[in-house]
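I opened my notebook to look at some rings, charges and strands. Here is what I looked up, entry by entry.

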Amino acid sequence: MEKALTKVGSLKVGGLWISKKAKEELSNISGDINKFSSTVEDKAKWIFNKLKGKPLKSLPDLLREHNLPPGLFPENITCYEFDESKAKLVVYLSSPCEISFKDSSVIRYATRVKGILLRGKLTGIEGMKTKVLVWVKVTSVAVESYKSDKVWFTAGVKKSRPKTAYEIPQDALRVEEF
């Protein structure tokens, strides 16, 4: 009798484990679906605006208008969205990539880079890193004035770099992971 109760008890514990594992998998799947859904929604908005006849400037032109260097992002972006009312910029790339600039700095980009684009600065950046000794998240990029010859990157600490290194958009090299 004790053996039978022990077997039934172990089945319940095993069933609980299976149930917990199933919940985890369902949670992972729903997270993936939500992520995919938001990407599809973003792309659909971009296509809709294109079809609606809203002409988009090139990303380098948009950056120039906001007094930022036009080569801040790779030349080979997939597309970008700019919501003027919220100043929200989203840049899409086909894969994680990086650029080595003339000043020996290296910037790595995720497949989607987001930030708030204002005159002379891009703040609240997500999806951009720079290599100091290790990879560090870039949180803002700023140019102090129209005539300034420096770009200020904030990645833990604020550091200036020559603006001329970022004047021309370059093709980025694909990397395995952001």
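Entry 1. I began with how elements are named: helices and strands are DSSP runs, numbered from the N terminus. I also noted that this is a predicted model.

Entry 2. With those names I placed Lys163. I found Lys163 in the loop between β9 and β10. Is Lys163 buried or exposed? Lys163 is buried. I then looked for a salt bridge and found that Lys163 has none. The nearest side chain of opposite charge is Glu167, 4.9 Å away. A salt bridge needs a nitrogen-to-oxygen distance within 4 Å.

Entry 3. Which residues does Lys163 touch, leaving out those up to four places away in sequence? I listed Asn67, Pro69, Val143, Tyr146, Ser148, Asp149, Lys150 and Val151.

Entry 4. Next I turned to the strands. β8 covers residues 150–155 and β9 covers residues 157–162. The two run antiparallel, and six bridges join them. β8 and β9 form a hairpin with one residue between them. In the turn, Gly156 has a positive phi of about 85°.

Entry 5. I looked for charges over rings. Lys158 lies over the face of Trp152, 5.5 Å from the ring centre. Arg161 lies over the face of Phe153, at 4.6 Å from the ring centre.

Entry 6. How many aromatic pairs are there? I counted three, taking rings as paired if their centres lie within 6.5 Å. I wrote down how to describe them: a pair of aromatic rings is given by the distance of the centres and the angle of the planes.

Entry 7. Phe73 and Tyr109 are buried.

Entry 8. Phe153 lies in strand β8 and Tyr166 in the loop between β9 and β10, so the pair ties together parts that are 13 residues apart in sequence. Both Phe153 and Tyr166 are buried.

Entry 9. Which residues form one aromatic cluster? I noted Phe101, Phe153 and Tyr166.

How values were computed: Residues numbered from 1 in each chain as written. Predicted model: local features only at pLDDT ≥ 70, side-chain atom pairs only at ≥ 80, totals over all residues. Heavy atoms only, no water. Pairing = 2+ DSSP bridges. Helix = DSSP H or I, 4+ residues; strand = E, 2+ residues; numbered from the N terminus. Phe/Tyr/Trp six-rings, centres within 6.5 Å; stacked < 30°, edge-to-face > 60°. Buried < 20%, exposed > 50% of the residue type's maximum accessible area, 1.4 Å probe, protein only. Lys NZ or Arg CZ within 6 Å of the ring centre and 35° of its normal. Lys, Arg positive; Asp, Glu negative; His and termini not counted. Contact = heavy atoms within 4.5 Å.
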